[in-house]
Amino acid sequence: MAKASVDARTKGGFSFDLYQRNEMLLKKGLQLPKFRKTGTTIVGLVFQDGVILGADTRATEGPIVADKNCEKIHYIAPNIYCCGAGTAADTEAVTDMISSQLQLHRYATGRESRVVTALTLLKSHLFGYQGHVSAALVLGGVDVTGPHLHTVYPHGSADTLPFATMGSGSLAAMAVFESKFREGLTKDEGIKLVSEAICSGIFNDLGSGSNVDVCVITKGQTEYLRNHQLPNPRTYTSTRGYNFTKGHTEVLTTKVTPLKSKKQAAEVDAMEE
Amino acid sequence: MDLHLNAPYCMGTIVGVTYDDGVVLGADSRMTIGMLVANDSVSDKITQLTDKVYICRSGPAAVLEFVSDYVRNILDQQTIQFGQPATVKATANLVRLFSYKNTNAIQMGQMGMIVGGWDKYEGGQIFAVAQGGTILKLPYAIDGSGSSGIEGFLDRAWKEGMSKDKAEKLVVKAVSLAIASDAASGGAVRTVTINSDGVRKNCYPPDSLPLCDDKRRRTKTKKTTTTRTERRIDAPKP
């Protein structure tokens, strides 16, 4: 008798088997390793010709700044970019994955990717992981149907907005947007407003800092303005440099140990192309 | 059931009433993340499932968006298979099945939905699908965090066989009352009216709502003049 085959669902997602052991270790005083987060300010707005995305460039590992100039605006498609806040590994992995899927889709259909496609893929992936993939994204792009701007939350919900902010500095940036945004901004006005919002996050939020990255997406053209503004230059640099010539440090004792002579290497054939 | 403090919730207030010709669904538009109001104007809590059936959602935003998309997908296939639009009862049952089968998996707090629509067999119907998968066919239904305040109001105000305008006014009044007394409800009131002719959507901005300035809470204070008497405290005389 033929047995109907049942497709056992592949066990994806996270395995929480070691949860009790981890809890027990924590109680005993073991410190959890810190992971790198992008405590962040990311923003996006729709202007008359398309979408402008902005981000700060600080990556933090607890209280330490791990990267002073990281890239938070990720490539998804030539006409779609995505800013990511939350755990750095999660945002990079998710955006890379969706970018690959969209490339394959472009090969299959022969058409330019649409923002809603990226949105649906991101939403379903994040919902499946029930919020454990900590990626809060501002997705923006221009496709045949026009300019689009969406925010995606780690639990898998999404919103469509004319202007959006995410990350720890989102309240500071949203304050700027709420007071100064209007429909139909020009490109320069839009870039200026986005920079202002990011600077507001940089100066008022501890998790955001360093420089301002801006990405302008219009129909048929994308401008990625890396380090558009550098409001935090290094102020105290020594003009004399850091050359310490002989004589700066007092020598107490000297001991010279000659190294043993190396054996001659055996003759080998060079690697051929 | 824990409330994820970093997840967006669309708790708010949702209302659905039947009138002589069809149904009117209404909802507020506030989305909260923890104690923060994320936005007051963007979310549309009344989502289309099929041509003449809409669902009002109240609860965690991610799960409810997923439910709407999932049910809409199944209904699209059903519409092609049967050659006619899905009935309200079939749609409500699909929503109910999802809720029932995933009660234990969805650990994100209270979820309440109202499925309302019109079909040619039974006319206008309202189904309330509560947390856990209970389904109730009712002449009117309310859900969401702000609904507890308007239970009594709706019991008194709803009458059988209302006209379309009266029903819509009733829904707007009910949601406004809920907005005035509940912190998680706010913003604009969105209504969707569904009957045999079609679907009509309306949005009532916050300024236009009755009780927008919360007059019922304000007590009249009389203007009084206060006389100040200065008491000078002199240094103690030796």
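## Where the chains meet

In this predicted model, chain B and chain A bury about 1,100 Å² between them (accessible area lost to a 1.4 Å probe when the two are put together, summed over both). Carbon and sulfur atoms account for 67% of it. On chain B, more of the buried area comes from Val42(B), Ala62(B) and Glu65(B) than from any other three residues: they supply 36%.

Counting contacts (heavy atoms within 4.5 Å), 15 residues of chain B meet 12 residues of chain A. The rule also finds 2 salt bridges across the interface (a side-chain nitrogen of Lys or Arg within 4 Å of a carboxyl oxygen of Asp or Glu). Glu65(B) turns up again here, as its side chain forms a salt bridge with that of Lys123(A), at 2.8 Å from N to O.

## The core

Now for the largest nonpolar core, which has 27 residues. Such a core is a set of buried Ala, Val, Leu, Ile, Met, Phe, Trp, Tyr and Cys residues joined through side-chain atoms within 4.5 Å, where buried means under 20% relative accessible area (1.4 Å probe, protein chains only). Val63(B), Val67(B), Val71(B), Val95(B), Met113(B) and Val115(B) touch the most other members. Leaving aside neighbours within four places in sequence, Val67(B) is in contact with Val95(B), Phe98(B) and Met113(B).

## Reading the labels

Residues are numbered from 1 along each chain as its sequence is written, and chains are lettered from A in the order in which they are written. Local features need pLDDT of at least 70 and side-chain atom pairs 80 or more, while totals for chains, interfaces and linings use all residues; side-chain values use heavy atoms, without hydrogens or water.

Technical notes:
Buried < 20%, exposed > 50% of the residue type's maximum accessible area, 1.4 Å probe, protein only.
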